[in-house]
Amino acid sequence: MKDLGELKYFLGIEFGRSKQGILMHQRKYALELISETGIAAAKPAITPVDANMQRTTTEHDEHLWKTKPTTLVDEELSNSTPYQRLIGKLMYLTMTRPSISYSVQTLSQFLQRPKKSRMDVALRIVKYIKNSPGQGILLSIKFNSNISAYCDAEWAGCSYSRKSVSGYLVKFRHSLISWKSKKQTTVLRNSAEAEYKSLATTVANLSS
C-alpha cells in the first residue's frame, strides 16, 4: 500500500476499517463515474456483461456485410473518444473491482474503431458498478500462511482470432492480492490445452 503513494489519491482509493479487516475501495471514484455517464437514474445491472456478447471487430462486420448483404452490421461510433475515455476510467476501477477485469479486458481490444454495441456494454458495466459502488477488496485480519490460486480459461473466447482467454486470481491468507484476465498468445486445439496454458501462466506468476 505504501507503494501506491500519491497514486491512490488520483485513483480515488479509499480505506475503511472494520472488525473483519481493512476494505480498500473506490466508492467516490465510482459515484463520479456514474454521474459523468448520466445513468444515475438507470436501473443497476446484475452482471457486468451478457454471456452472449458479440466480440467481432468493425472490420469483420464490414467484410461480412460485403459477402452477406442481408447480415445486419453494428453501427460504428462517429466519435471514439468518449468510449476510449470510459474504458480508461473502468481500467482504474479494476484495481479494487476484480469482477469487471474480464469485461474491461475484452472491451479494451476495440479502442480503435468501437461499435455502438461496445459502448452499450461499457455503460452496462457502469450500471453493474452502480449496484454496489462501495464494493472493494477486503484485507482480512484472519491469519494463516497459505497462498492459494485459482485459474480458468475460456477456450476460443475471442471469436475473430480464435484465441483463448486466461484468468487467474491469487490469495494470500484470506486476502486477494493479485488477479488478471488476458488473451492467450497462441490458438489452441481444444479446451484442455487452454486450461493447461492458464494453469502454467498462474504457476509462473506465483513463482516469479
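Reader: Which helix holds Ile87?
Author: Ile87 belongs to helix α4, residues 81-93. Helices (H or I, at least four residues) and strands (E, at least two) are DSSP runs numbered from the N terminus.

Reader: What kind of model is this, and how are residues numbered?
Author: It is a predicted model, in which local features need pLDDT of at least 70 and side-chain atom pairs count only at pLDDT 80 or more, while totals for chains, interfaces and linings use all residues. Residues are numbered from 1 along each chain as its sequence is written, and side-chain values use heavy atoms, with hydrogens and water left out.

Reader: Back to Ile87: buried or exposed?
Author: Ile87 is buried, because its relative accessible area is 1%. Buried means under 20% relative accessible area, exposed means over 50%, and partly exposed lies in between (1.4 Å probe, protein chains only).

Reader: Turning to charges, how many salt bridges does the structure hold?
Author: The structure holds 3 salt bridges, each a side-chain nitrogen of Lys or Arg within 4 Å of a carboxyl oxygen of Asp or Glu.

Reader: Which residue does Lys89 pair with?
Author: Lys89 meets Glu36 through their side chains, at 2.4 Å from N to O. Lys89 lies in helix α4 and Glu36 in helix α2, so the pair ties together parts that are 53 residues apart in sequence. Lys89 is partly exposed at 23% relative accessible area, whereas Glu36 is exposed at 52%.

Reader: And what does Arg113 meet in a salt bridge?
Author: The partner of Arg113 is Glu76, at 2.9 Å from N to O. This pair links distant parts of the chain, 37 residues apart: Arg113 is in the loop between α5 (101-107) and α6, and Glu76 is in the loop between α3 (58-67) and α4. Arg113 is partly exposed at 30% relative accessibility, and Glu76 is partly exposed at 32%.

Reader: Where do Asp120 and Lys116 lie?
Author: Both lie in helix α6, 4 residues apart, or about one turn of the helix. Asp120 is partly exposed, with a relative accessible area of 40%, and Lys116 counts as partly exposed at 40%.

Reader: At what angle do α2 and α6 pack?
Author: Helix α2 (residues 27-37) and helix α6 (residues 116-130) pack at about 135 degrees, with axes 10 Å apart. The arrangement of α2 to α6 is therefore oblique. Angles under 35 degrees count as roughly parallel, over 145 as roughly antiparallel, 65 to 115 as roughly perpendicular and the rest as oblique. Axes are lines fitted to C-alpha atoms, for helices over the stretch in contact, and angles run from 0 to 180 degrees between N-to-C directions.

Reader: Changing topic, where is Arg17?
Author: Arg17 is in strand β1, residues 14-17, and counts as exposed at 72% relative accessibility. The C-alpha atoms of Arg17 and Leu139 are separated by 9.5 Å, although the two are 122 residues apart along the chain.

Reader: Finally, what about Leu206?
Author: Leu206 is part of helix α7, residues 191-207. At 40% relative accessibility, Leu206 counts as partly exposed.
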